[in-house]
Amino acid sequence: MAAIDNLPPLREVIATHGLSAKKALGQNFLLDLNLTAKIARQAGDLSGSDVLEIGPGPGGLTRGLLAEGARRVLSIEKDERCIPALEEIAAAYPGRFSYIQGDALQVDPLAHLTPPIRVAANLPYNIGTELLIRWLTPPQWPPFWQSLTLMFQREVAERITAKPGSNHYGRLAILSQWRADARIVLDLPPQAFTPPPKVSSAVVHLTALPAPRFPADLKVLERVTAAAFGQRRKMLRASLRGLAPDIEDILTSVDIKPTERAEQIDLEHFCALARAIAAQT
């Protein structure tokens, strides 16, 4: 395997610092630096961007992002055991890499980043979906990020990119595709990781749209999709009854049959429904 920098191989880094992956932190380490560089390339041209990374662990993707020319990388790492390995990366890339030790759900990194900003991460499995939803639902749009290049369990990646009528189509697909272009760009088998997870993984690339694809109020759209997909097998006239007393008339007014189910309704019609319900309240 060709080296991508002058730092030690990741297996050596892990052995030196005793970095066994912790299940409680959702850790699965990528040790192939050629693979982490390939993931970094899915984020596009990084030379003019700051990159935010969550959960760098021993720094495999971090090194890939830096080797691929990121202007600057800021990583947030909760596990204090990983800090010595990150210090070695900081020394090898002076002025281009820094880190914050802390919980990504609680740390605000924006004071440490200069736009344009991209996010790239092998997300810890236990917080990945929550972080994505936060990035997709800020009060103001466009968001702080231009793109998200994120690794998830394959099932989650399919939920993000799902189309109407599929088993994976739901709230996550609506939120992701309302405000971004989303596509799966890379598949990874369990054996790519240490320790190997029980499921396959995939990298999803999301590019922020300048404005949502269709007009709708975020809070109303969230309420509508929560009610609709919370009872997937029910007809919409039943699952949405609590949102408006005349829900059948509202559904009909936006060309949705009251007898249809949530997974049959496309994004454009969900947004039209959210606007119609908002107009009633």
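A pocket, as the word is used here, is an open set of grid points with protein on both sides within 12 Å along at least five of seven lines, and its lining residues have an atom within 4 Å of a point. In this predicted model, the largest pocket is lined by 30 residues. Those that lie nearest its centre are Leu 25, Gln 27, Gly 55, Glu 77 and Pro 124. The volume of this largest pocket is about 390 Å³. Its lining is made up of 15 nonpolar, ten polar and five charged residues. At least two lining residues come from each of β1 (29-30), β2, α3 (60-67) and β3 (72-77).

Two of these elements, β2 and β3, also belong to an open sheet of seven strands. Reading across the sheet, the order is β4-β3-β2-β5-β6-β9-β7, with mixed pairing. At the edges are β4 (97-101) and β7 (180-188), each of which pairs on one side only. From one strand to the next, the twist averages 20 degrees.

Within the sheet, β6 (residues 145-153) and β9 (residues 201-208) run antiparallel and are joined by seven bridges. Here Gln 153 stands opposite Ser 201 of β9. Helix α5 (residues 128-136) lies across β6 and β9, as well as across β2 (50-54) and β5 (117-122). The helix runs at about 160 degrees to β6.

Strand β9 also holds Ala 208. This residue counts as buried because its relative accessibility is 18%, and the cut-off for buried is under 20%. Leaving aside residues up to four places away in sequence, Ala 208 touches Trp 141, Pro 143, Trp 145, Gln 146, Arg 179 and Ala 180. Between Ala 208 and Gly 64 there are 23 Å in space, C-alpha to C-alpha, and the two are 144 residues apart in sequence.

Some details of the backbone also deserve a look. Most peptide bonds are trans, and most residues other than glycine have a negative phi. The bond from Pro 115 to Pro 116, however, is cis, with omega near -5 degrees; Pro 116 sits in the loop between β4 and β5. Thr 194 and Pro 195 are likewise joined by a cis peptide bond, with omega about -10 degrees. Pro 195 belongs to the loop between β8 (193-194) and β9.

Asp 255 is not a glycine, yet has a positive phi of about 65 degrees. This residue is found in the loop between α10 (247-253) and α11 (267-280). With a relative accessibility of 65%, Asp 255 counts as exposed.

Note on methods
Residues numbered from 1 in each chain as written. Predicted model: local features only at pLDDT ≥ 70, side-chain atom pairs only at ≥ 80, totals over all residues. Heavy atoms only, no water. Pairing = 2+ DSSP bridges. Helix = DSSP H or I, 4+ residues; strand = E, 2+ residues; numbered from the N terminus. Axes fitted to C-alpha atoms, helices over the stretch in contact; angles between N-to-C directions. Contact = heavy atoms within 4.5 Å. 1 Å grid on protein atoms, 1.4 Å probe; cavity = no way out; pocket = protein on both sides within 12 Å on 5 of 7 lines; lining within 4 Å. Points joined across faces, edges and corners; volume = space filled by probe spheres on them. Nonpolar A, V, L, I, M, F, W, Y, C, P; charged D, E, K, R; others polar. Buried < 20%, exposed > 50% of the residue type's maximum accessible area, 1.4 Å probe, protein only.
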